[in-house]
Structure formats: C-alpha cells, structure tokens
Amino acid sequence: MKNRGYKIILVSDEQSEIRQLNINRNLLYGIAVMLLVGIGLLSYYFSDLYSNRVYAARLEQIRVDNTKLIEEIRETEQRADLLQTQLDSIRKRDDLIREMVKLPKIDDDIRKVGVGGANAPDEESSLEYLLPDNYKGLHALKKNFDFLNRLANLEELSYAEIYDRVTSDLVRFQCYPAIHPVSLEDCHLTSGFGMRVDPFDRKNRFHEGNDFASRWGTPVRATADGVVKASKYYGTFGNYIEIDHGYGLKTIYGHMSRRKVKRGDRVTRGQIIGTVGNTGKSTASHLHYGVKYKRRDVDPADYYFDLTFE
Ligand SMILES: [Zn+2]
C-alpha cells in the first residue's frame with residue numbers, strides 16, 4: 001500500500017545538498033487536533049479566571065450598595081416615625097378645634113385608614129428580593145408612607161372644613177375665651193379647675209377657675225371680645241372684673257391690684273383690663289380667672305387655644 005503523506009524537501013544554499021522529510025498525513029492531523037484542543041482548553045481556563053474576578057468585584061460592589069440601601073431605608077423609617085408623631089400632634093389639635101367650632105369629631109375608624117391614595121399594588125411595591133433574607137422592612141415602609149399620606153389628606157380636608165366654619169362665623173369666635181389672661185412667660189398655673197385643699201382652712205373645696213401666680217402689677221388681658229358687665233371691689237375676689245362675651249360665655253378676673261376698664265366698656269381680645277394683685281381673700285400675688293358658660297363654671301383649660309401648661 002502506498003504510504004499516504006507529504007514530503008518536505010529542504011535545499012541547503014551552500015552545498016546544493018537536498019534533504020527530504022516524509023510526514024505521515026495522519027500524524028499531521030493528530031498534531032493539528034491536539035493543538036486546537038490545547039488552545040481551546042487554555043482559552044477556557046483564562047476566560048473563566050477572568051470572568052470570576054470580574055463577578056467577584058461586581059458582587060462586592062452590590063454588597064456595599066445593599067448595605068447603603070438598608071441604611072437609607074432605616075433612616076427613612078425614622079423619618080416616617082417622626083412624621084407619625086407630628087401628625088399625631090396635629091390630630092390632637094384638630095380634635096380640640098373641631099370641638100370648639102362644634103364640628104363632629106372624626107371617627108376613629110376613619111382615622112385608622114385615612115383618606116384617598118390607595119395602597120400601591122403588592123407586586124410593584126415589593127423589591128425585597130433585592131435585599132438580604134433577614135431584611136423585610138421595605139414593604140412595611142411603603143405601606144407606612146401610604147398610610148401617612150392618607151392621614152395627611154384627612155387632616156387637610158378637616159382643616160379646610162374648620163376654616164370654612166370659622167370664617168363664616170368669625171365674630172362668634174372672637175368672643176371665644178381662647179387665650180391665657182396673663183402672658184405665659186410672666187406667670188405659672190398654681191391651681192387648676194376642680195377639687196383642691198383651700199389654702200385658708202385646709203378643707204377640700206371646689207376651685208371654679210385657674211389661679212396664675214405672677215408678679216404684682218403684671219398686665220391682665222381680656223381673653224375674648226365682649227362688654228364689661230362688672231368692674232368693682234367684690235368681697236373675697238377683691239378687685240373684680242366680669243366680661244360678657246355673648247353666646248352664653250362670660251369670664252371673670254379676681255384679686256387684681258388695679259382695674260383699667262369700667263362697666264359698659266367694649267373690650268377686645270388681648271386688651272389690658274387690669275394688673276395682677278393680692279386683693280380680697282388671697283395669700284399671694286395672683287390672678288383668679290374663671291370661665292362661665294350658660295351661668296355654670298367650666299374649666300378654662302378647655303378653651304385655651306394658645307400654648308398650654310402641659
Ligand atoms: Zn382661684
């Protein structure tokens with residue numbers, strides 16, 4: 001059988017020598033295949049090594065980003081808590097104002113859900129698969145913000161309703177004893193409305209107003225617009241003023257050192273009507289202040305709309 005293959009003839013320049021190499025074709029194929037396989041394996045090995053390094057670097061970056069994201073989510077949670085506290089204080093004030101302007105209180109059930117802005121669909125709001133297994137806060141946070149948003153909408157509606165009511169009946173609200181009779185920086189509440197031990201005979205008696213301890217001579221102000229019904233020295237109250245505000249509301253001021261208005265005068269809220277003193281049945285310089293509604297003593301604290309002593 002004829003040997004199938006190739007011949008390579010080498011000719012030397014100098015000696016005109018001729019050499020001949022016989023190469024078997026199968027051997028040539030074998031070498032070619034082995035070379036190809038070798039190159040393939042090497043390139044696989046190096047590309048694998050390279051991509052592993054690239055992925056490791058990216059993974060590390062993702063881990064760092066994730067940690068930052070969780071930190072940001074936690075900070076946002078804290079901001080949501082703060083918002084909740086602020087909305088809670090707005091709610092308390094809202095309840096109080098609604099009561100003052102005779103609007104019905106907002107139902108607790110409505111407060112629990114708020115108004116408008118339905119929950120985002122779950123599939124959109126859940127990005128938790130991007131976060132580590134032990135962290136499940138994102139979904140709750142989104143829900144919390146949805147709720148706060150609805151709560152803010154509710155307060156906005158409520159305040160709009162209150163505004164309408166107040167502006168339509170402004171005169172009436174100017175007659176509402178809404179401020180403290182002595183500037184809060186110049187006094188402190190020593191005795192509230194209700195049962196107390198009488199400072200004179202140590203017996204339990206009902207105290208029908210608020211006592212504000214203050215320096216002798218501190219200005220006393222009318223707490224609402226009205227007409228002076230009495231300005232006189234009046235037994236245990238000493239120097240005494242009574243103002244009629246209409247709508248069944250009256251305020252009284254006792255133990256003053258001086259009275260600066262007389263019976264029949266029109267006064268406006270904040271106007272100085274006298275000064276703090278120690279006249280009548282009084283142990284120290286203070287103002288006795290009372291609010292009457294339809295001839296009955298009521299707690300002045302229920303009417304203050306400026307800062308309270310809480
Ligand atoms: Zn008193």
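The following legends describe close-up views of a predicted model.

**View 1. Domain division of the chain.** The chain is divided into domain 1 (5-65), domain 2 (69-174) and domain 3 (184-302), with bounds from an automatic or database domain assignment. The C-alpha centres of domain 1 and domain 3 lie 106 Å apart. Residues are numbered from 1 along each chain as its sequence is written. Because the model is predicted, local features need pLDDT of at least 70 and side-chain atom pairs count only at pLDDT 80 or more, whereas totals for chains, interfaces and linings use all residues.

**View 2. Crossing of helices α1 and α4.** Helix α1 (residues 25-100) and helix α4 (residues 137-168) have axes that come within 10 Å and cross at roughly 25 degrees. Helices are DSSP runs of H or I with at least four residues, and strands are runs of E with at least two, numbered from the N terminus. Axes are lines fitted to C-alpha atoms, for helices over the stretch in contact, and angles run from 0 to 180 degrees between N-to-C directions. The crossing angle makes α1 roughly parallel to α4 (angles under 35 degrees count as such).

**View 3. Residues between α1 and α4.** Residues of α1, including Ile73, Leu83 and Arg98, meet residues of α4, among them Leu138, Phe145 and Ile162; contact requires C-beta atoms, placed from the backbone, within 7 Å.

**View 4. An open sheet of 3 strands.** The strands are ordered β7-β13-β11 with antiparallel pairing, where pairing requires at least two DSSP bridges between two strands. The edge strands, β7 (219-221) and β11 (258-259), each pair on one side only. Strand β13 (residues 272-275) pairs with β11 over 2 bridges, and Arg259 has Gly274 of β13 as its bridge partner.

Notes: Parallel < 35°, antiparallel > 145°, perpendicular 65-115°, else oblique. Contact = placed C-beta atoms within 7 Å.
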